[in-house]
Amino acid sequence: MDIAKEIRRRRTFAIISHPDAGKTTLTEKLLLYGGAVQLAGSVTARKNQRATTSDWMELEKKRGISISSTVLQFDYDGYRLNLLDTPGHKDFSEDTYRVLTAVDAVVMVIDSAKGIEPQTRKLFEVCRQRGVPIFTFMNKCDRPMKNPLELIDELERVLGIGVFPVNWPIGNGPEFQGVYDRQTKTMHTFERVVGGKHRAPVTVGGLHDPAVRGSLSDAEFRKTLEELEMLELAGESFDEAAVLAGKTTPVFFGSGVNNFGVQLLLDGFLKHSPAPKSRVMGGIEIAPENPAFSGFIFKIQANMDLKHRDRIAFIRVCSGKFDRDMTVHHSRSEKKVRLSSSHKLFGNERETVGEAYPGDVIGLVGHDSFGIGDTLTTDPKILYKEIPRFTPEAFSYLHNPNTGKFKQFRQGLDQLLQEGVIQALYLRNSSIKTPLLAAVGPLQFEVVQFRLESEYGAESRLEAAPWNVVRWLPTGIKEEELDALSLPTGARLAYDLGKNPVVLFQNEWSANYFGETNKNTPLSALPVQTARE
Ligand SMILES: Nc1nc2c(ncn2[C@@H]2O[C@H](COP(=O)(O)OP(=O)(O)OP(=O)(O)O)[C@@H](O)[C@H]2O)c(=O)[nH]1
Ligand SMILES: [Mg+2]
């Protein structure tokens, strides 16, 4: 098998945005158009119940939001796609940011009625820093949307990125009929289908073709012509290099829920998005064609399949070829491990896979020692350090109200901590055995409680802790030095899971005061990374 050929046909990308812009809906439609599902939402759909392939978790179905990222691998038009749907809510952004380290491009979804929302902006910044190419989908054009020229202008102004509209909406809101493809100079008029479960029938023709114009009013048609003329006058052409450098975003309009513009997005994305590239780690460039197999773990998830009740480590393959049963070096334990249970993933479904290539995300089962951020490789000189960490901002004790179920409670919590669903801290010199949870956002507490109950049968009770700020102390600090610190009222010393010392403060002011009174002990918002972290 020609590895270069396999790499060239891989497309590994994430769908990102502010909550509710329509990422999961679009994911589902990409699966429909990509031929990976027969009916959108059909895998688990019951009547009138919102259920998708991507949001498979109990709590996601219940709340109608994505809580955890999902991997969907499928083949389309000669390509092998690894698609990652991400949660938009900021409380789950740790998961989303980890996914961004594992992809080569993103599709940014924007609600056309709302424009650029705060979380989209933050995620965009991360993509820009990483130089990830960004494709934009202006979604929900079937609802009264902002003027498309304003939307384009907002992208340029607020995000500071070049914009190339690949297509343009025809009609707005209830009058939305389709899009004009500026590259092929054709109009694509769609018909709505009940529930958007099947592909939307489409008519393609010239701009002035009466059959294609459908029921568009003269005024609306004239407005569209004017807008298109303005775009032409602006004279921008599609700049492939700028797109690949993340400096220009190609923009596609449509409506995910109605399947409008999904095919054009999918084909346009595949045509212009990059295959896996080299990664630079510690000054060394690791090309995907490098004969050594390497990859890193960016996510761990247990109980995806209630029949198996095991945990899956998600690895992004970065170089070389993966073969089932191969033996690799595991960075955390510095031991050799044999990878005998490997799977390709499709939401919560899995299938044994014998080989994988750079760009692929595969699931490895049966390795309790694997943690987020670990490198697996046949060349121990390769070490990826991709995974970002976040500073917790919410703190709560988690009580076990049912002593008879202590085992389930502890086992469940340990698993969730290993998945990185939440962080935990241990108070120094304390006899309190109740775990102290530390979250980026409070919805994470809810996820922990829900999953403990539904996956481990363990009830739990939250109790607010009196701190709001955590800061890390220098890693090498000695016990005597900790004893000698003068802490502000209400502050406490604690350790994170990696046994790094931290200080918990009641508020920002108190943390600053500590800084003033302990000038020789610098605090940081995150643990200082050591070589092996
Ligand atoms: N009118 C309209 N509604 C849409 C469209 N696409 C998605 N929606 C609706 O928007 C809501 C949110 O959709 P999701 O796909 O769950 O959004 P999301 O971005 O995945 O949300 P999170 O993962 O929770 O951040 C749902 O009620 C969808 O039915 C669209 O094109 N038009
Ligand atoms: Mg979602």
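**Loops, helices and cores in a predicted model**

Colleague: Is E334 buried, partly exposed or exposed?
Modeller: Buried means under 20% relative accessible area, and exposed means over 50%. E334 has a relative accessible area of 48%.

Colleague: What is the phi of E334?
Modeller: Most residues other than glycine have a negative phi. E334 is a residue other than glycine, but its phi is positive. The value is near 55°.

Colleague: Is N303 buried or exposed?
Modeller: N303 sits in the loop between β14 (294-302) and β15 (311-319). Its phi is also a positive value, near 55°, in a residue other than glycine. The relative accessible area of N303 is 6%. The cut-off for burial is under 20%, so N303 is buried.

Colleague: How many of the residues of helix α2 are buried?
Modeller: Helix α2 spans residues 23-33 and is mostly covered. Its buried residues include K23, E28, K29 and Y33. After α2 comes G35, with a positive phi near 75°. Of the eleven residues in α2, the number buried is ten.

Colleague: Which residues touch the most other members of the largest nonpolar core?
Modeller: In soluble globular proteins, nonpolar side chains tend to be buried together. The largest nonpolar core here has 134 residues. A second, separate core has 13 residues, among them F395, L425, W467 and A494. In the largest core, the residues that touch the most other members are F253 and L376.

Colleague: Which residues gather in the patch of negative charge on the surface?
Modeller: One of them is D239, in the loop between α8 (218-234) and α9 (240-244). A patch residue needs over 30% relative accessible area. D239 has 39%, so it passes that cut-off. The patch consists of E156, E236, D239 and E240.

Colleague: How many Å apart in space are T517 and R199, C-alpha to C-alpha?
Modeller: T517 lies in helix α14, residues 508-517. T517 is partly exposed, with a relative accessible area of 39%. In sequence, T517 and R199 are 318 residues apart. In space, the C-alpha to C-alpha distance between them is 65 Å.

Terms used
Residues are numbered from 1 along each chain as its sequence is written. Chains are lettered from A and ligands numbered from 1 in the order in which they are written. This is a predicted model: local features need pLDDT of at least 70, side-chain atom pairs count only at pLDDT 80 or more; totals for chains, interfaces and linings use all residues. Side-chain values use heavy atoms; hydrogens and water are left out. Patches are made of residues with over 30% relative accessible area and no salt bridge: like charges are joined within 9 Å, nonpolar side chains (Val, Leu, Ile, Met, Phe, Trp, Tyr) within 5 Å. Accessible areas come from the Shrake-Rupley method with a 1.4 Å probe; for residues, only the protein chains shown count as cover. A salt bridge is a side-chain nitrogen of Lys or Arg within 4 Å of a carboxyl oxygen of Asp or Glu. Lys and Arg count as positive and Asp and Glu as negative; His and the chain ends are not counted. The place of a charge is taken as NZ of Lys, CZ of Arg, CG of Asp or CD of Glu. Helices (H or I, at least four residues) and strands (E, at least two) are DSSP runs, numbered from the N terminus. Buried means under 20% relative accessible area, exposed over 50%, partly exposed in between (1.4 Å probe, protein chains only). A nonpolar core is a set of buried Ala, Val, Leu, Ile, Met, Phe, Trp, Tyr and Cys residues joined through side-chain atoms within 4.5 Å.
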